[in-house]
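Hello,

Here is the structure we talked about handing over. My notes on it follow below.

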Amino acid sequence: MPRQERAERSRAEILDAAADEFDAHGYAGARLDRIIERTQLTKGAVYFHFRSKHDLAEALVAEKYGNWPAAAQEVEEAGLTGVAAARELSRRVAVVFATDAHVRAAMKLTQTILPPAPEDDPYVRWVALIGRYLDEAVRAGELPPGSDPEALATVAVQAFFGAYMIADERGRLDGLVEDASRLWDVIAG
């Protein structure tokens, strides 16, 4: 196997192990020795890719922010608009949170040691995107005239991420997709 391919595979294995560790224990409870043990690589191999637990955390957070534009683009390429687009994007995000330890770990890390800069607040971007969908819904008559798309989007985003945090805390992420659907049933009637 070529050296670069082996290095990429090792890096991916390390990030998988780190994601599982941070997801299970948070940053404070995560142990670098357990991450190394999970990889079955040598300590030197792990340190070749990441100098510290903090470097691992930063890599996972950077990866998290790369997931969402593709999900939004897929929804738009499917031709969805209005409430259907907001509902489908929420469903897709719920599936990712329920199944991807990398995303859950990154979420925990951004809530603790690596919060986003105020000028790069991801919740503001989520509200803007969902707000755009809900503005389409108001113009198409899917929502009552006079509905405030930004206010509805703010409530929807807060409710979704609150539902995620509660589901994660209670160990019931398998119900998050249903929770997201219920959110849109309430908003859209």
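Glu63 and its contacts

Leaving out neighbours within four places in sequence, Glu63 is in contact with Leu15 and His102. This is a predicted model, and what follows should be read with that in mind. Glu63 belongs to helix H4. The side chains of Glu63 and His102 are joined by a polar contact of 2.4 Å. With a relative accessible area of 30%, Glu63 is partly exposed, because that value lies between the 20% and 50% cut-offs. From Glu63 to Ala140 there are 77 residues in sequence and 36 Å in space, C-alpha to C-alpha.

Asp179

Not counting residues up to four places away in sequence, Asp179 touches Ala163 and Arg172. With Arg172 there is also a polar contact between side chains, at 3.0 Å.

Nonpolar cores

The largest nonpolar core has 35 residues, and Leu89, Phe97, Ile130, Tyr133 and Trp184 have the most contacts inside it. At least two residues of this core come from each of H4 (53–77), H5 (82–99), H6 (101–111), H7 (122–139), H8 (149–169) and H9. H7 gives the largest share, 8 residues. Ile130 touches Ala86, Leu89, Ala153, Val157 and Trp184, again not counting residues up to four places away in sequence. There is a second, separate core of 23 residues, with Leu15, Ala30, Leu60 and Leu114 among them. In soluble globular proteins, nonpolar side chains tend to be buried together.

Helix H5

H5 has 18 residues and spans 26 Å from first to last C-alpha, close to the 26 Å expected at 1.5 Å a residue. The buried residues of H5 are Gly82, Val83, Ala85, Ala86, Glu88, Leu89, Ser90, Val93, Ala94 and Phe97. What covers these buried residues? The cover includes H4, H6, H7, H8 and H9.

Rings

The whole structure contains 9 aromatic pairs. Trp68, Phe97, Tyr123, Trp126, Phe160, Phe161 and Tyr164 are linked by ring pairs into a cluster. Elsewhere, the charged end of Lys53 sits over the ring of Tyr27, 4.3 Å from the ring centre.

Regards

Terms used: Residues numbered from 1 in each chain as written. Predicted model: local features only at pLDDT ≥ 70, side-chain atom pairs only at ≥ 80, totals over all residues. Heavy atoms only, no water. Polar contact = N/O pair within 3.5 Å; in protein donor to acceptor, adjacent residues only side chain to side chain. Contact = heavy atoms within 4.5 Å. Core = buried A, V, L, I, M, F, W, Y, C linked by side-chain atoms within 4.5 Å. Buried < 20%, exposed > 50% of the residue type's maximum accessible area, 1.4 Å probe, protein only. Helix = DSSP H or I, 4+ residues; strand = E, 2+ residues; numbered from the N terminus. Phe/Tyr/Trp six-rings, centres within 6.5 Å; stacked < 30°, edge-to-face > 60°. Lys NZ or Arg CZ within 6 Å of the ring centre and 35° of its normal. Expected span 1.5 Å × (residues − 1).
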